[in-house]
Each structure stands twice: as C-alpha cells, then as structure tokens.
Amino acid sequence: SSGINAEYVSLGKVEAQMKTNPLVDNICVYADSFRSNTIAFIVPIQEALERLAKNYMNYDASYEDICNDPGVVQEVLKNLSAHGKSNGLEKFEIPTEIQLCPDIWMPDSGLVTAAFKLKRKAIQDYFQSSIDLMYGKS
C-alpha cells in the first residue's frame, strides 16, 4: 500500500501546483502505475477559458463546445506544461493528456467531499472511458 500513498502524495503536489494556474479551478491528476505519463481532468475557470478560446474559435460556441474543442484543449495543455515546468514539476509529473470538464465538481455530484476534497476513486469511475481513451492515445 505504500506505493499508492507515494503516488497520491505526488498527485496532490502536482494538483496543488496546477491549481495556481489562472485557467484551473479544479484538477484531478490520474496516474496509471503501468504508464510513464499522467493525465488530468480539469474544471477550468470559465471566464479565463472563454478568453483563451476567442483566439482559437472564430464562432460563438457554447461553453461545453469550448471545453471539447481539440485546439483549445491543446492550448490549455501547452499552458499547463509550461506552468508545471516553471513550478519545478518533473516531466513525468506533468499531464500529457487532459479533459476539460464544463461542470464544476460539487459535493452532490459525488466527485468531491463536502469539504471539496477530491474523491479519486469516484472520479476515476466516472471518467473511466475517458481514461481508457487518453491512455490509448498516448
């Protein structure tokens, strides 16, 4: 079990650093112990993401469309990679695939506790198909 704890500690560290990024409201970093890269589910700060999206999308998209736009996702990923590096994260700690989640994680979603702590297992279960897809790509 010590392996899992060590993993959680580093995930928490990565999340804490990424949350200092002006685009990030909430983030859950996921690491499959058999993979050399991490992936992340991110609840963006809507205004910041919409501002960024204006440079990449020339039509009036819904917020959900913005979160799913591959160009926007890539741009956020680049932004986070640079942010992670400048905050001293190791290359393997920085997510290589992300999914932007338009809905804020509230306790009634079951994804966070009443104190807004991440429920990793619940998040993993909820996003399992996305996790499979993201690891399939990388």
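Q: Which residues of α4 are buried?
A: First, some ground rules: this is a predicted model, where local features need pLDDT of at least 70, side-chain atom pairs count only at pLDDT 80 or more, and totals for chains, interfaces and linings use all residues. Residues are numbered from 1 along each chain as its sequence is written, and side-chain values use heavy atoms, with hydrogens and water left out. Helices (H or I, at least four residues) and strands (E, at least two) are DSSP runs numbered from the N terminus, and buried means under 20% relative accessible area, exposed over 50%, partly exposed in between (1.4 Å probe, protein chains only). On that basis, the buried residues of α4 are V72, V73, E75, V76, L77, L80, S81, H83 and G84.

Q: What caps the N-terminal end of α4?
A: Look for a polar contact, meaning a pair of N or O atoms within 3.5 Å; within protein, one must be able to donate a hydrogen and the other to accept it, and residues adjacent in sequence count only if both atoms are side-chain atoms. Here a side-chain oxygen lies 3.0 Å from the backbone nitrogen of G71. The residue supplying that oxygen is D69.

Q: Which strands does α4 touch?
A: Contact means heavy atoms within 4.5 Å. Axes are lines fitted to C-alpha atoms, for helices over the stretch in contact, and angles run from 0 to 180 degrees between N-to-C directions. Helix α4 (residues 70–86) makes about 120° with the direction of β3. As α4 packs on the sheet, the strands touched are β1, β2 and β3.

Q: What is the order of the strands in the open sheet?
A: Two strands pair if DSSP finds at least two bridges between them. β1 and β2 are antiparallel over seven bridges, while β2 (residues 38–44) and β3 run parallel, joined by four. β1 (24–31) and β3 (97–100) are the edge strands, each pairing on one side only. With that mixed pairing, the order is β1-β2-β3.

Q: Which residue in β2 is the bridge partner of Y30?
A: β1 and β2 form a hairpin with six residues between them. The residue we want also has a bridge partner in β3, namely E97. In β2, the partner of Y30 is I39.

Q: Is T38 buried or exposed?
A: T38 sits in strand β2, and its side chain reaches the backbone oxygen of E93 at 3.2 Å. Leaving aside neighbours within four places in sequence, its contacts include V29, Y30, F92 and Y135. With a relative accessible area of 7%, T38 is buried.

Q: Why does the pair of Y30 and Y135 count as tilted?
A: Rings of Phe, Tyr and Trp (its six-membered ring) pair if their centres lie within 6.5 Å; planes under 30 degrees apart count as stacked, over 60 as edge-to-face and the rest as tilted. The ring centres of Y30 and Y135 are 6.2 Å apart, and the pair is tilted because the planes are at 55°.

Q: Which residues do ring pairs link into a cluster?
A: The whole structure holds four aromatic pairs. In one of them, the rings of Y126 and F127 have centres 4.8 Å apart and planes at 85°, so that pair is edge-to-face. Y126 is exposed at 57%, whereas F127 is buried at 6%. The linked residues are F41, W105, Y126 and F127.
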